[in-house]
Amino acid sequence: MAVSTAKVNLLGLTQPQMESFFDSIGEKRFRAGQVMKWIHHFGVDDFDAMSNIGKALREKLKASAEIRGPEIVSEDISSDGTRKWVVRVASGSCVETVYIPQGGRGTLCVSSQAGCALDCSFCSTGKQGFNSNLTAAEVIGQVWIANKSFGTVPAKIDRAITNVVMMGMGEPLLNFDNVVAAMHIMMDDLGYGISKRKVTLSTSGVVPMIDELAKVIDVSLALSLHAPNDELRDKLVPINRKYPLKMLLEACQRYISQLGEKRFLTIEYTLLEGVNDQPEHARQMIALLAGIECKINLIPFNPFPHSGYERPSNNAIRRFQDALHKAGFNVTVRTTRGDDIDAACGQLVGQVMDRTRRSERYIAVRELQSDVSAAAGRS
Ligand code: SAH
Ligand code: SF4
């Protein structure tokens, strides 16, 4: 029988998985914590730098394991502090990670897949089709890379990354195990110590996996709604044909209620001119979301060539926000950040990064956590 010689990539292992790994090589489990701190707190990828691990064990680790993040293709820092990385994953595709600082908060937008199979009509990632699932190491590797870029000071008082949103490329619930493992590492004190309220998974509505998620992890949930009725949502978000609105909202409510304490659902709603931004849509949305503990995030559409959609005027956006706000909803509108480096979450890069296509790649700017109320003084 052929024996596999592939090394285990320790970057993507959760604490229990790391302990099992040390079991499997006949070493003590407490080594898991030591190694995780070296990897995630100190950004180390070289076993020889692990000074509290003896030479013999370091040699053993070198023979059977590695610490390998995705390859950094480019790193840009905007004048407003926004940072953007393009990283290449094992399949050869490239995905993006964006860091957006605001006030005391720093939000990292992380990708889960190269491309996406769900083909939402206004999303350039969807237009590229599905290429590959990221491994757990490739998902957490984006946090690892971003964290390292801020310097790896032990026991950092001011963490640069306070929030993570799974809102980059891909549908995270269709890469379930790897995304869940990576989110566990984000929240683990041996990893990045981010609180469960500050790790958010965004989904277009893979209903069965929302229920599965509740069984294995406690993170915040964002729902990409985009339409207040099934007829329209069937067109904009095709997965709605399989899991229609009623079913979807019930699953989200189950998820929120199982968290055991008062938590909100975030509703994301990309505003498309003349398509889903009319007063009747606001009225339908008010009725649809009545009784659901939620915060609404309006995302003005970020255009890309041949999308067939337009971004509504600022007045139209304001009118839509006002209607929801008057009905008692907490509504924010996202604003653009990092313009000078095309920093946007998700939809930026083609599946395969090739220099000739890069110049003509389409950019659909997506903004994160720079949410502001369009009207001053609102909650
Ligand atoms: N697949 C997941 C997460 C990634 S997309 C999801 O759909 O929720 C993150 C968010 O960006 C989603 O709400 C998505 O609908 C939105 N989005 C996609 N394309 C956009 C565009 N061109 N302009 C504005 N928002 C967009
Ligand atoms: Fe996929 Fe989300 Fe884009 Fe829809 S919006 S195609 S689910 S990445």
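Colleague: To begin, what percentage of the 379 residues in the chain is buried?

Modeller: Buried residues account for 57% of them. Please keep in mind that this is a predicted model.

Colleague: How many helices and strands does the chain have?

Modeller: There are 12 helices and 14 strands. As for how the chain is joined up, 67% of the contacts between residues at least 6 apart in sequence link residues at least 24 apart.

Colleague: What is the average pLDDT of the chain?

Modeller: The average is 87, and 85% of the residues score at least 70. Over residues 345-379, however, the pLDDT is below 50. That stretch still has 116 contacts in the model beyond near neighbours in sequence. Where pLDDT is low, predicted coordinates should not be read in detail.

Colleague: You mentioned helix 5 and helix 6. At what angle do their axes cross?

Modeller: They cross at roughly 35°, and the axes come within 8 Å. The crossing of helix 5 past helix 6 is right-handed. On the helix 5 side the contact is made by A136, V139, I140 and V143, and on the helix 6 side by N178, A181, A182, I185 and M186.

Colleague: How do the residues of that contact divide into nonpolar, polar and charged?

Modeller: The contact of helix 5 with helix 6 has 8 nonpolar residues, 1 polar and no charged.

Colleague: What does I140 touch?

Modeller: Leaving aside residues up to four places away in sequence, I140 touches L11, G12, H40, A182, I185, M186 and Y192. G12 is 128 residues from I140 along the chain, yet their C-alpha atoms are separated by 6.4 Å. H40, for its part, is one of the buried residues of helix 2.

Colleague: Helix 6 also packs with helix 7. How far apart are the axes there?

Modeller: The axes of helix 6 (residues 176-187) and helix 7 (residues 207-216) are 12 Å apart, and the packing angle is about 35°. Helix 6 passes helix 7 in a right-handed crossing. Helix 6 contributes F176, V180, M183 and H184 to the contact, while helix 7 contributes M209, E212, L213 and V216. These residues of the contact divide into 6 nonpolar, 1 polar and 1 charged.

Colleague: What does M187 touch?

Modeller: M187, also found in helix 6, touches G193, I194, K196, V199, I217, D218 and V219, again not counting residues up to four places away in sequence. M187 and V219 are 32 residues apart in sequence, with their C-alpha atoms 9.2 Å apart.

Colleague: A change of topic: which residues surround ligand 2?

Modeller: Ligand 2 is surrounded by C116, L118, D119, C120, C123, G126, G170, E171 and S204. This shell divides into 4 nonpolar, 3 polar and 2 charged residues.

Colleague: One last topic, the backbone. What is the phi of H226, and what is that of H306?

Modeller: Phi of H226 is near 65°, a positive value in a residue other than glycine. Phi of H306 is likewise positive, near 65°.

Colleague: Where do H226 and H306 lie?

Modeller: H226 is in the loop between strand 11 (220-224) and helix 8 (230-236), whereas H306 is in the loop between strand 13 (294-300) and helix 11 (314-326).

Colleague: Are they buried or exposed?

Modeller: H226 is buried, with a relative accessible area of 5%. H306 counts as exposed, because its relative accessibility is 84% and exposed means over 50%.

How values were computed
Residues numbered from 1 in each chain as written. Chains lettered and ligands numbered in written order. Predicted model: local features only at pLDDT ≥ 70, side-chain atom pairs only at ≥ 80, totals over all residues. Heavy atoms only, no water. Near = heavy atom within 4 Å. Nonpolar A, V, L, I, M, F, W, Y, C, P; charged D, E, K, R; others polar. Axes fitted to C-alpha atoms, helices over the stretch in contact; angles between N-to-C directions. Helix = DSSP H or I, 4+ residues; strand = E, 2+ residues; numbered from the N terminus. Left-handed = near helix turned anticlockwise from the far one by under 90°. Contact = heavy atoms within 4.5 Å. pLDDT = per-residue confidence, 0-100. Buried < 20%, exposed > 50% of the residue type's maximum accessible area, 1.4 Å probe, protein only.
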